[in-house]
Amino acid sequence: MTDQNGVFMGMDLLCQVNSHAHRTEEMDVERLLVRRGQPFSLALQCHTTLSPKHKLAMILHLGKEGEVVVKVLDARAGRDKWWFRQQGAQSEVLLTIHSPADAPVGLYSVTVLLLSPDGHILEKTTPETFYLLFNPWCKADSVYLPDEELLEEYILNENGLLYQGSWDQISSLPWNFGQFEQDVVDICFEILDNSPAALTNPEMDTANRADPVYVSRTITAMVNANDDLGVVSGRWDGKYDDGVPPTRWTGSVPILRRWSEAGAQRVRYGQCWVFSGVACTILRCLGIPTRPVTNYSSAHDTDGNLNVDYLYDEQLESVSEGRKDMIWNYHCWVESWMDREDLPKGYDGWQALDPTPQERSDGVYCCGPCPVKAVRDGDVGMKYDAAFVFSEVNADLVTWIVYPDGQRSQVSLNQNTVGQNISTKSVYGDYREDITKHYKYPEGSVKEREVYEKAGRRVTQPNGAPGQLELKIKHAQAVLGTDFDVIVEVHNVGGEDTPAQLTVTSNAVTYNSLHRGECHRKTASLTVPAQKAHKEVLRLRYEHYGACVSEHNLIRVTALLQVSGQPEVVLQEVNIQLSMPQLHVKVVGDAVVSRKLIAHISFTNPLPITLRGGVFTVEGAGLTAAREIQAPDDIGPGQEVKVKLSFKPTRAGLRKLMVDFDADRIRDVKGIATLIHLACTMALELLTKEFGIPIECLYVTYFGGHEEAGLEPYL
């Protein structure tokens, strides 16, 4: 406590004023959170007017244990120094503090000293704490992003979309980043404090937090729990009984809170979109502009030869040994915006960061930051991990048949499969933006092949001339729980009738190409007339795939055609994404902060079997913390289940309530309700009067877009 007989009464951090000026008011207005490179103010309250003979001084301590001490100069200084100026007004002194734009981010404590004319400390205030964050609005900050619309999305938006599905059937997953939810900022710095570097040498780690390259690389390592006290444990085998299935999460906040409350114990379980969602939350919270990215047909090249090699025997059984090259149906990572002062000029801007534990980088499971421009131009030597990211978006797919004597024959080469429809959410709404051109030149173009060669590899060439038999696989829209047909067409483009053996298999796979079991297999001997086509139909029934289909609801169909008496072999493969039902979410009540709302949630079982153990998971930034609601009973085929939830919004603005449903035989069913929340009823009436919007449109909550709320004519 301050001495009541002294000069100082106390210090007001002016949290509300500063938070508004620094765009941190959504985080907290009861604590001080400010951004570096931008001045903020404190009010020093005194019992009496300060004597002109006395001077004020200021000391900062930074770090968990105050490892770094910073003296704040009492006169204007250069950009690389902390300094303050004072303005007196009777018994109060306004202190305006200027921080360098390259100051380390973290938790600071500030103490004001009263000095005698000869420099002795007469009195000091009780230390007060504040958080300093990166500042993408400050030109001198290395994360500066000169576009207000981009900052609204990549720093301030708490809701977003993560893209899933397949390149030809893209789906979006609503995700609650929740970077401004209560205590999230504390957890973000707690994660940094638990990194191996911080635990080994806290003073050096604290100083390095001035650099977004260092901070973002640390975060990508700490989001996964493979090497350290990281946040999320990954699992892909479908066995999640000792944790939460990755598909059940609807946002980052419950994961971060669970990790913190358990004393830095890993949270089970996550997969790539969970890792990317959590990383996006942390980086946005710290002030680094960040967006989630999805790459379709994403290569995992284990041997670094820029090829993905698939090896099959003559029965279409995989014969790859050890760690296999794979193509993931999709893979999610994040991009963060920053300068790269550690690299030659030209590599600033978006940097790819991948927290999913795939390969080690400098001995640790992390990836990036890697300049996206370096990937596009084939500069695979650039820090960090440019060669690995390059292969993810630009490897060639080579398929081989391995014969009993060990000989193998290349049966297909596809230079266009890997790295398609690279996607992120648009800043202009819930739409997909294609950013493939940032990562690669157009597939098949001369420039793209030149870059592939520049990356240090010979361009693979197909074996021999094209054969006279060609394969195509077609299918109608496939819906989970129904039967559907897959049609394999064999085209004879030659001038002679051609006998051949056709093998078609269907396998349940995960999004990252792990096999969960064979669904159905068909073989046929056929003769294809010259200039004609033969069609073979594979009927896939729910009884074939229902027991083995993964939580990603993906079926891979592979067709192998062997020409009789000739070495010619043709192979074709497609991934079939089974369409999922949706939850219906309707919210009833006035969309006003602190006023109770009721959410009605319903789901109809699309499967021909009974579902057991159903659970709804609900959360929404500014609406409600994550909650689980058990389905009251088993759900029979075609049966509807309804539950309801009451909650009180805590913050105004456009908010999204996200709902997930999981049961024993179906997972990852999503629903969303979007609400416009105003601070009070008076604000509703003001909008009605100002813009002529009917009040019933403002009160309504709507599913999927403002059109259904009746707001479209007013926007």
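Aspartate 660 touches Thr247, Arg248, Thr250, Leu583, Val615, Phe616, Thr617, Asp668, Val669 and Lys670, leaving aside residues up to four places away in sequence. The model in which these contacts are found is a predicted one. Aspartate 660 lies in strand β38, which covers residues 653-662. Its relative accessible area is 0%, so aspartate 660 counts as buried; the cut-off for this class is under 20%.

Phenylalanine 616 is 44 residues away along the chain, yet its C-alpha atom is separated from that of aspartate 660 by 5.5 Å. With lysine 670, the contact is a polar one between the two side chains, at 2.8 Å.

Asparagine 135 sits in a loop, between strand β10 (128-133) and helix α2 (148-156). Asparagine 135 is classed as buried because its relative accessibility is 2%. Not counting residues up to four places away in sequence, asparagine 135 touches Arg35, Arg36, Gln38, Asp141 and Val143. The side chain of asparagine 135 reaches the backbone oxygen of arginine 36 at 3.0 Å. That side chain also makes a polar contact with the side chain of glutamine 38, at 3.3 Å.

Next come two helices. Helix α3 (residues 184-193) and helix α8 (residues 272-286) have axes that come within 10 Å and cross at roughly 105°. Because of this angle, α3 is roughly perpendicular to α8; the range for that term is 65 to 115 degrees. On the α3 side, the residues that meet α8 are Val184, Val185, Cys188, Phe189, Ile191 and Leu192. On the α8 side, their partners are Thr281, Ile282, Cys285 and Leu286. Sorted by class, this contact has nine nonpolar residues, one polar residue and no charged residues.

The last part is a sheet. Strands of a sheet pair through backbone hydrogen bonds, and they can do so in a parallel or an antiparallel way. Here three strands form an open sheet in the order β33-β34-β37, with antiparallel pairing. The edge strands are β33 (584-588) and β37 (640-647), each of which pairs on one side only. On average, neighbouring strands of this sheet are turned by 20° against each other, direction ignored.

How many bridges join β34 to β37? Strand β34 (residues 597-604) is joined to β37 by eight bridges, and the two run antiparallel. Isoleucine 601 stands opposite valine 643 in β37.

Methods:
Residues numbered from 1 in each chain as written. Predicted model: local features only at pLDDT ≥ 70, side-chain atom pairs only at ≥ 80, totals over all residues. Heavy atoms only, no water. Pairing = 2+ DSSP bridges. Helix = DSSP H or I, 4+ residues; strand = E, 2+ residues; numbered from the N terminus. Axes fitted to C-alpha atoms, helices over the stretch in contact; angles between N-to-C directions. Parallel < 35°, antiparallel > 145°, perpendicular 65-115°, else oblique. Contact = heavy atoms within 4.5 Å. Nonpolar A, V, L, I, M, F, W, Y, C, P; charged D, E, K, R; others polar. Buried < 20%, exposed > 50% of the residue type's maximum accessible area, 1.4 Å probe, protein only. Polar contact = N/O pair within 3.5 Å; in protein donor to acceptor, adjacent residues only side chain to side chain.
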